Amino acid sequence: MDIMDCKQDVEERIVYKSNLQTGLFGLQMFSMLDTAAEQMMVHKDFQAAFDTCGRGMDSLADMEQEDNRCGEIKAGFCILGIQALAELNQWHGVLSWVLQQYKHQEKIPAKIMQMCILLYSKVGEPAVMQEAARVWLHCLSNSTVTGFRTVAELYLLHVLVPLGHRDEAVELIVGEVGSVAFTEDQRQTALDVVEERERQSQELPLNPGTSPNSKITAHPVSTQGSVVHKLAAKLRFLYRKLLLTGSGSFPLRRLFLAAILLYMLFFRMDPALSSSFMWISKLLELLRQTWSAMFAPYHQVLTQRL
């Protein structure tokens with residue numbers, strides 16, 4: 001065997017050993033990923049799942065970042081880590097933790113960027129993702145990745161539109177990002193959404209008598225009104241039943257009146273609330289009618305005797 005053959009044989013052995021080690025390492029990482037998923041989904045041990053993801057990230061740091069398998073496993077650890085932080089109510093640290101893993105905003109995978117936008121939108125903090133998503137979308141290399149359009153849609157609908165950034169939203173739609181992410185029909189639909197939101201935001205100050213909570217308070221008031229009518233009808237029905245029971249059933253009528261008073265006490269109406277005025281006036285009117293019907297005959301008889 002000549003020197004060239006020996007050199008080739010050594011190189012093949014080195015490559016084989018490297019592939020074997022890489023394969024074993026990949027199996028180890030997949031096993032760790034499965035462990036983190038089991039801790040998350042089965043045992044509901046979110047802190048343990050997050051710690052496992054952290055160890056997996058540390059182990060992957062020594063591998064070549066260009067390896068596609070490494071990137072997929074890393075994204076899996078990151079997705080589970082985000083879910084664990086959310087379950088632990090530590091969502092405010094999600095973006096900073098993701099940036100620790102990927103170093104640069106434009107390097108974050110599309111699926112993880114989508115998760116972060118939805119997470120911060122759900123907790124009412126969409127502004128946290130504004131800068132990171134803007135940088136990511138304007139990175140030329142990201143325009144060809146799968147999920148670019150979804151990131152653009154989420155950024156538009158869950159960040160720019162809720163924050164009222166109309167100019168930036170329009171620029172996103174008609175600019176370079178929109179031309180890559182959306183079709184012509186989709187761009188027109190997105191513009192309609194932005195204009196509709198702008199119109200709604202301008203109409204709100206025109207009606208100072210209304211507030212964001214007006215819709216919330218209107219429903220209970222109308223519900224209370226219907227309940228008042230039902231209550232009055234039921235009380236009148238019970239009173240007629242009592243009258244039919246016997247005209248001389250004075251203790252029973254007193255019991256009926258006491259039941260009404262106890263209802264008012266246990267209902268705990270606050271007279272200081274304007275919503276209570278209707279309840280109080282209705283019940284007082286009903287009490288006056290009941291009192292007159294129940295005790296007026298006895299009062300007239302006593303007056304005539306005197």
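The structure is a predicted model, in which local features require pLDDT of at least 70 and side-chain atom pairs count only at pLDDT 80 or more, while totals for chains, interfaces and linings use all residues. Residues are numbered from 1 along each chain as its sequence is written, and side-chain values use heavy atoms, with hydrogens and water left out.

## Overall architecture

The secondary structure of the chain consists of 13 helices and zero strands. Helices (H or I, at least four residues) and strands (E, at least two) are DSSP runs, numbered from the N terminus. Of the 306 residues in the chain, 32% count as buried. Buried denotes under 20% relative accessible area, exposed over 50%, and partly exposed the range in between, with a 1.4 Å probe and protein chains only.

The accessible surface of the chain amounts to about 19,800 Å², and carbon and sulfur atoms contribute 59% of that area. Accessible areas come from the Shrake-Rupley method with a 1.4 Å probe; for residues, only the protein chains shown count as cover. Among contacts in the chain with a separation of 6 or more, 62% are between residues 24 or more positions apart. A contact means heavy atoms within 4.5 Å.

## Aromatic pairs

A pair of aromatic rings is described by the distance of the centres and the angle of the planes. Rings of Phe, Tyr and Trp (its six-membered ring) pair if their centres lie within 6.5 Å; planes under 30 degrees apart count as stacked, over 60 as edge-to-face and the rest as tilted. A search of the whole structure finds three aromatic pairs, and two of them are tabulated here.

| Pair | Class | Centre to centre | Angle between planes |
|---|---|---|---|
| Phe50 and Trp97 | tilted | 5.3 Å | 50° |
| Trp136 and Phe148 | stacked | 5.9 Å | 25° |

Phe50 belongs to helix α2 (residues 46-60) and Trp97 to helix α4 (residues 94-102), so their pair ties together parts that are 47 residues apart in sequence. Both Phe50 and Trp97 are buried. Helix α2 has 15 residues and spans 21 Å from its first C-alpha to its last, close to the 21 Å expected at 1.5 Å a residue. The expected span of a helix is 1.5 Å times one less than its number of residues. The buried residues of α2 include Phe46, Ala49, Phe50, Cys53, Met57 and Leu60.

Trp136 counts as buried because its relative accessibility is 0%. Phe148, at 4% relative accessibility, likewise counts as buried.

Asn142 lies in the loop between α6 and α7. With a relative accessible area of 7%, Asn142 is buried. Leaving aside residues up to four places away in sequence, Asn142 touches Glu106 as well as Trp136 and Phe148, the two partners of the stacked pair.

Gln130 lies in helix α6 itself. Its relative accessible area is 13%, so Gln130 is buried. Not counting residues up to four places away in sequence, Gln130 touches Tyr155, Val159, Leu160, Leu163, His165 and Glu168.

## Charged and polar side chains

The charged end of Lys74 sits over the ring of Tyr102, 4.5 Å from the ring centre. A charge sits over a ring if NZ of Lys or CZ of Arg is within 6 Å of the ring centre and within 35 degrees of the ring normal.

Glu184 is found in helix α10 (residues 184-203). Glu184 is exposed, with a relative accessible area of 53%. A polar contact of 2.5 Å joins the side chains of Glu184 and Arg187. A polar contact is a pair of N or O atoms within 3.5 Å; within protein, one must be able to donate a hydrogen and the other to accept it, and residues adjacent in sequence count only if both atoms are side-chain atoms. Glu184 and Ile173 are eleven residues apart in sequence, with a C-alpha to C-alpha distance of 9.9 Å.

## Positive phi values in loops

Most residues other than glycine have a negative phi. Lys44, in the loop between α1 (3-41) and α2, has a positive phi near 55°. Lys44 counts as exposed at 52% relative accessibility. Asn89, in the loop between α3 (68-87) and α4, has a positive phi of about 60° although it is not a glycine. Asn89 is exposed, with a relative accessible area of 54%.
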